[in-house]
Amino acid sequence: MSMEEKFDSLIARQDELSALMSSGSLEPSKFTSLSMEYAELSPVVEKVKALKDAKSELEDLAELAVDGDADMKALVEAEARSLKARLPELESELRIMLLPKDAADAKNAILEVRAGTGGDEASLFAAELFRMYQRYADIRGWKFETMSISETELGGYKEASALISGRGVFARLKFESGVHRVQRVPTTESGGRVHTSAATVAVLPEAEEVDVQVEDKDLRVDIFRASGPGGQSVNTTDSAVRITHIPTGIVVSQQDEKSQHKNRAKAMKILRARIYDHEREQLDAARAADRRSQVGSGDRSERIRTYNFPQGRVTDHRINLTLHKIDKVVNGEGLDEVIDPLISDDQAARLSSLE
């Protein structure tokens with residue numbers, strides 16, 4: 001199928017959807033699914049029509065240039081040059097819009113941040129990263145629901161997790177997975193020396209029950225008493241839950257709630273997300289290979305970004321991007337300036353693989 005035929009089929013499909021939704025004979029669930037398809041298709045069709053209009057206008061200008069006088073010809077040629085310059089931009093935007101979608105892009109995300117090497121400083125940095133994503137979620141109008149936090153005595157986080165809900169959450173955050181490194185003078189360091197420590201970030205697409213079938217026979221559930229920093233008792237009942245998915249060996253613990261039922265529900269949500277992520281990587285080798293070669297695998301051992309406080313810079317090593325605005329990035333305000341180039345780089349890599 002040529003690109004023109006593809007464009008015509010998209011317009012025809014939009015007209016078909018419009019007619020179906022106007023018929024008044026659809027079941028509510030069918031109407032909802034068609035409405036979602038129509039909403040996704042509309043911006044693409046709008047761009048297709050803009051491209052077709054530009055090409056048609058260019059043809060009209062060519063005729064005017066032949067028939068018109070000298071002044072008209074000069075005016076027409078100027079308009080034609082402007083249109084010709086716009087055409088490649090429209091075509092490029094359309095190619096990006098027509099790229100195959102990651103099935104998980106529209107999903108909510110489960111964020112997991114863990115302290116890595118560096119002791120107390122790594123825990124403090126993990127807490128800072130967690131708050132960075134929380135502020136970023138607020139800026140974008142997403143819902144940020146803290147699921148669990150294991151806090152240190154200095155206020156750092158050994159590990160923390162959250163469910164982030166909203167439009168396009170996973171699509172924007174999926175490239176944040178990996179090792180984040182910080183270079184600065186720790187508040188606990190009296191000698192004023194710059195230390196390097198790290199934290200790992202995992203961004204997993206939230207998995208619904210329809211996405212992942214988890215059978216009770218594949219689970220081992222252990223109940224124990226929750227404890228806080230330094231072994232201090234959090235509550236006096238056996239409410240903490242540890243769930244092991246036997247086929248994959250994935251283990252999730254949850255103890256923030258006083259209710260065993262609530263802890264189990266949260267643990268299952270995280271477990272499903274981890275299993276879904278595991279299955280995506282297992283079944284979609286092509287995507288994983290492309291991601292590794294272009295923007296990094298996102299696995300937990302790979303250093304993806306360095307936050308250098310003495311120099312005030314943030315460097316993303318996958319695309320050799322350096323920004324000298326660390327404060328804005330860390331408070332969430334400048335995070336788009338890192339994420340947008342990562343998305344563009346991924347799109348460019350996928351476009352080149354199709355050519």
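Residues are numbered from 1 along each chain as its sequence is written, and side-chain values use heavy atoms, with hydrogens and water left out. Because the model is predicted, local features need pLDDT of at least 70 and side-chain atom pairs count only at pLDDT 80 or more, whereas totals for chains, interfaces and linings use all residues.

**Exercise 1.** Describe the lining of the largest pocket.

Step 1. A pocket is an open set of points on a 1 Å grid over the protein atoms alone, where a 1.4 Å probe fits, with protein on both sides within 12 Å along at least five of seven lines; its lining residues have an atom within 4 Å of a point.

Step 2. The lining comprises 33 residues, and Glu40, Lys101, Asp105, Arg167 and Ala171 lie nearest the centre of the pocket.

Step 3. Helix H2 (28-67) is among the elements that give two or more residues to this lining, and with seven residues H2 gives the most; helices here are DSSP runs of H or I with at least four residues, and strands are runs of E with at least two, numbered from the N terminus.

**Exercise 2.** Work out how strands S2 and S3 pair.

Step 1. Two strands pair if DSSP finds at least two bridges between them; S2 (residues 143-151) and S3 (residues 157-165) run antiparallel over eight bridges.
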